[in-house]
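I opened my notebook to go through one structure piece by piece. Here it is, so that you can follow along.

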Amino acid sequence: MEQSGGKDDSGIYAAARITYSGSVAPNGASGNVTSTDVNWTPPPCWYAPFLGAKDFKAKMSKDIERQLKTPGIGSTAGSALTELKRHYEAGYGWSDNPGYEDYNIDKDGEGMFWAGVENPNEPDMLKRNSCNDLPFWVENGEAPPPRYEEAITPQILAALAYQHMQLPDTEVTLAPEQTTKVNLPTWAWLDKAVFDEVQATAALNVQATTTARPVSLTLEPGTDDAVTYPASGECVINDDGSIGEAYARGKANLTPPCGIKYLRSSGNDAYNLQATITWEIFWTGTGGAGGDLPEGTFGNGQAVAVQEIQAVNR
C-alpha cells in the first residue's frame, strides 16, 4: 500500500493508493464497462488506513506548525489549527471525536490513523471531497466506528474494481464477412475461446476480485431496414459458453440462431453494426465476503457493406 498525506484548503487528506490487477484499464483510468443500472455508481471517496502513530505525528505536527507560522494567517484559521493541535496532542475532543494524547504514540504498532481518500475518477468535486472527517484511530483487527459508512471494505473495493475493469474488445464473427447481400441471412457468433469471463482485483489492507461473465450478445443492425435473429436481437449464451452458431457449408437455407438480414443495400457506404455484450458481474473478497453487482455492457461497432443482389448461390 502506497501512502502520502498532507493538508490542503479542504482539510486533511490521505492517499492510500489501491493497487489494481487483472483486466483493468492502464494508469488508473476508468474501464470500458457500463453499468445497466443508471443509479449505480462507484464510491466518490472512502476512508482508509493512512499511517501509524509515529509516522502520523511526524507528518501532522510538522504540517500544523508550518501553517501556524504562515504570515497573515487569520484568527479563525489560527484558532482552528490550535484546536486541531490540541485534539491530537492534548486529548481535546468533542462528540464522537475523542482526543488523543501525543498522537497515540504509546499505541504505535497497535493500530493506524485512517483518513479520507478521493476517488480520482469521480467528476463531481463536491462528492470527491465529502470524506472530510479528521483522521481517526482504529485498533488493529477492529472495524472503524459505524458512522464511517465509507470506510474501505471488500465491497467498496469490488465496486472500484468494477469501475476500472477493462472488457475485451471482441469482434463478432460474421458469415458472410464484412460484405453481405440484401435478403441474405448473415450468421453471427462468438466462440468461447475469445469470449470468456474477465476478472479485476482491487487491494488495500483487504482485497476483492470482481468477475464479469458474459451472458448475452445484442445485435443492432445500424438501420431500420433489417431484421434480427432472434427478433429481439438478443442472442443468449449456449451451454458450451459460446454465443450463436458458426456458419458451415450446408446451412445456407437455415435460419441462423443469431444473426441479421439486411433488407436494403448500403450503397457505397456500410452499416454500422453494433454488437453489445452483456456481462453478469459478481465479486468475492477477504473473509469470504461476496455478492452481486449490476450487470455491465460493452459494445463494438463493425462496418457491414450490403450489396443489392437478389439471388445468391452459396
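**Ground rules.** I worked on a predicted model, where local features need pLDDT of at least 70 and side-chain atom pairs count only at pLDDT 80 or more, while totals for chains, interfaces and linings use all residues. Residues are numbered from 1 along each chain as its sequence is written, and side-chain values use heavy atoms, with hydrogens and water left out.

**Disulfides.** I began with the cysteines, taking as a disulfide a pair of cysteine sulfur atoms within 2.5 Å. How many disulfides does this rule give? I got two disulfides. Counting bonded cysteines along the chain, I noted the pattern 1-2, 3-4.

I looked up C45 and C131, whose sulfur atoms are 2.0 Å apart. C45 belongs to strand 5 (residues 45-51), and C131 sits in the loop between helix 3 (125-128) and strand 7 (136-139), so I logged a link between distant parts of the chain, 86 residues apart. For the elements I used DSSP runs, numbered from the N terminus: helices are H or I with at least four residues, strands are E with at least two. The torsion about the S-S bond of C45 and C131 is about 75 degrees, so I wrote this disulfide down as right-handed.

Next I checked accessibility, with buried meaning under 20% relative accessible area, exposed over 50% and partly exposed in between (1.4 Å probe, protein chains only). C45 is buried because its relative accessibility is 2%, and C131 is buried at 7%.

Then I turned to C235 and C258, which are joined with an S to S distance of 2.2 Å. C235 lies in strand 14 (residues 234-236) and C258 in the loop between strand 15 (243-244) and strand 16; the two are 23 residues apart, and the pair links distant parts of the chain. Their S-S torsion is about 85 degrees, so this disulfide is right-handed. At 4% relative accessibility C235 is buried, and C258 is buried at 1%.

**Helix 1.** I checked its span, expecting 1.5 Å times one less than the number of residues. The 16 residues of helix 1 (residues 53-68) should span 22 Å, and the end C-alpha atoms are 22 Å apart, which agrees. Which residues of helix 1 are buried? I listed A53, F56, M60, S61, D63, I64 and Q67. Seen down the axis of helix 1, these buried residues fall within an arc of 165 degrees, so they line one face; the arc is that of the directions from the helix axis to the C-beta atoms. The face turned away from the buried side carries the exposed residues K54 and K62.

**P294.** I found P294 in strand 18 (residues 290-307). P294 is buried, with a relative accessible area of 16%. Its C-alpha atom is 9.9 Å from that of T41, 253 residues away along the chain.

**Cavity.** I took a cavity as a set of points, on a 1 Å grid over the protein atoms alone, where a 1.4 Å probe fits but cannot get out; lining residues have an atom within 4 Å of a point. Grid points are joined across faces, edges and corners, and a volume is the space filled by probe spheres set on the points. I counted two cavities of 30 Å³ or more. The second largest cavity has a volume of about 30 Å³. Its lining consists of L174, T186, W187, A188, G259, I260, Y262, L273 and V304. Strand 10 (186-190) and strand 16 (259-262) each supply at least two residues of this lining.

Conventions
On a 1 Å grid over the protein atoms alone, a cavity is a set of points where a 1.4 Å probe fits but cannot get out, and a pocket is an open set with protein on both sides within 12 Å along at least five of seven lines; lining residues have an atom within 4 Å of a point.
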